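Have the viewer open as you read.

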Amino acid sequence: MAMSASCTTLLCNFHSSTVASLSPSLCGAESSASRPFSLNSCLTSSSAAACENNNGTAEGVDNGKDRLAKVPVANIRNFSIIAHIDHGKSTLADKLLQSTGTVLARDMKEQFLDNMDLERERGITIKLQAARMRFVDKTGEPYCLNLIDTPGHVDFSYEVSRSLAACEGALLVVDASQGVEAQTLANVYLALESNLEIIPVLNKIDLPGADPERIRKEIEEIIGLDCSEAILCSAKEGIGIVEILESIVKKVPPPKDTTKEPLRALIFDSYYDQYRGVIVYFRVMDGKVKEGDVVQFMASGKEYEVGEVGVLSPVQMPVKELFAGEVGYLAASIRSVADARVGDTITLSRAKAEKALPGYQEATPMVFCGLFPVDADQFAELREALERLQLNDAALQFEPETSSAMGFGFRCGFLGLLHMDIVQERLEREYNLNLITTAPSVVYRVHCVDGSVVECSNPSALPEAGKRKEIEEPYVRIELLTPKDYIGSLMELAQERRGEFKEMKFITENRASLVYSLPLGEMVGDFFDQLKSRSKGYASMEYSVTGYKESKLVRLDILINEEIVDPLAVIVHRDKAYGVGRALTQKLKKLIPRQLFKIPIQACIGSKVIASEAITPMRKDVLAKCYGGDITRKKKLLKKQAEGKKRMKSVGRVEVPQDAFMAILRLEKEVV
Ligand SMILES: Nc1nc2c(ncn2[C@@H]2O[C@H](COP(=O)(O)OP(=O)(O)OP(=O)(O)O)[C@@H](O)[C@H]2O)c(=O)[nH]1
């Protein structure tokens, strides 16, 4: 997966004074916001003369801060920051960049590494980024530190694992007022699998509720990590930052100098740049790579000639060559991120490595939904927008879908719900599309009587009852960490969602871990919201897909005004079908606006109606209260009404609003 935050945005975020400070020759260059790529082309010329490499060391542009000065491999440190969401990873990364002079404080937009607008708004890191810093330790020895940022959401754990595999060490950031959370655990396990040196950092010690001693013990008990030297830090106030840098230098081992071996470089990120093709971020594990080399991406088999290699400081700065241990980028006019996927190994085409680096996985979408343009004329635009997003996001899948109720649209596959949300939001925001989205569904495996097996991600396409032998659905192992007061309500939640209890452990006196096996289909939707609301925000969760299991599932069809509305069809467990049918028809009755005629709403399994409601006729006359007079006021009211109708889809003669297509996700209270 590669979500599409890009260095385009990164460059745009630079203040023109930063541009000037990077290279004197850039003074007076066009604003990076208006011409994001002018910065890079300028850097190409300024750096060409300055880059010289020998015996596995890196040398680059001296921009006045020696940021890219030459250091031996023994003085390189590659590290990551792992943390639960909101424990302060991005704030700490910002402070590390500032205190090493990599980015000047005055140019620092808060959370520099989270550079995509959506990330900023949601306060979460979706996309990984990397930055090279120069740090001189207290003995006066200069070091090159490469920070590889990781996304902080369960949807992207594969990316986390790849960026960790590119490092030798990791800072484990734990909020000193909150303690260990589910995501902390999941990430620590990933780091341990990659044999990383882990440095515990207790963040937010400035908060009145911080209790570093308690959290120190908690980490030791739960993770078994020695925390006697854990660093006390307040990323916000800049406390403990130098100690962290010293500790990285002291504890994280340097990369091995394997420059003489055939090239193997691990891709931990890539994004599509419309002018230069895909830009690949990688760590050279063995060998070396330079401009002009023909490289092969071992998983995709594609070969390209390298047009540029460089380092991230954090803007891209071309260098002549990158050696084992170094982190950098390359551009090779690659057409799509699918050719250079995260986790793939880059090797030289003329001197191939025997084996690719371990750990590569294809991205498999887990959640699907239908996207339909409200205005049928926007179908071509939607296709183009999806194609453009896909250039940058190898995990996004889509194929055309036709629905009798909705017309032409696309069935799209995503890694998880966050991924789905982001893609939808980008389509609407960046491509100005007005979309109707159907409720998310998982992929069901249907065994048919004729012996065939059909994978079905669209409830309305589920084979007829008579043709099916059994249906399997994906299951996840879910671990919930919660204060003990909420154990009861979370167990209730898991049981309502057909969870099978696996184990419960008290990880400290007050906090428990609950493990369930749960159908993924029950988790898409509002599970996370429910978890947060039932635990007053204190519980956290982590899940991984374990496989498929047979379930007694049925397809529930919804008829509005006697017409089947296929995007409203849902696959539910047989025991829940009546409750869901009743709740869904009641909910739709509330959501669909009254019309001039009576509208029956029915829920059916096959031809059997299991619940029905009716919307009584009435015309909503927005002008009813507007006696006489002012035409402008009337126009305003009518315009408002028309705007409200924008996100509606006509199904036959009935206008169905967007909310109705998501009604299934908000039924919990109603379903018994
Ligand atoms: N009081 C205090 N607040 C902090 C500190 N560090 C971070 N914060 C705040 O905690 C919130 C979350 O910080 P982020 O840096 O965005 O957390 P994150 O771990 O990067 O979150 P994701 O990007 O979602 O993974 C922000 O409001 C920060 O201002 C700290 O040392 N003290």
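This is a predicted model: local features need pLDDT of at least 70, side-chain atom pairs count only at pLDDT 80 or more; totals for chains, interfaces and linings use all residues.

Residues are numbered from 1 along each chain as its sequence is written.

The chain has 17 helices and 33 strands, taken as DSSP runs (H or I, at least four residues; E, at least two) numbered from the N terminus. Of its 672 residues, 51% are buried, meaning 20 or more other C-beta atoms, placed from the backbone, lie within 10 Å of a residue's own.

The largest nonpolar core holds 183 residues; such a core is a set of buried Ala, Val, Leu, Ile, Met, Phe, Trp, Tyr and Cys residues joined through C-beta atoms within 7 Å. Its largest share, seven residues, comes from strand 8 (residues 277-286).

Next, an open sheet of four strands runs in the order 18-19-17-20 with antiparallel pairing, where a pair needs at least two DSSP bridges. Phe-372 sits opposite Ile-436 in strand 20.

| Edge strand | Residues |
|---|---|
| Strand 18 | 397-403 |
| Strand 20 | 435-437 |

Finally, helix 15 (residues 577-591) has 15 residues and should span 21 Å at 1.5 Å a residue, which agrees with its end C-alpha atoms being 20 Å apart; the expected span is 1.5 Å times one less than the number of residues. Its buried residues include Ala-577, Val-580 and Leu-584.

Key:
A residue is buried if 20 or more other C-beta atoms lie within 10 Å of its own, exposed if 12 or fewer, and partly exposed in between; C-beta atoms are placed from the backbone.
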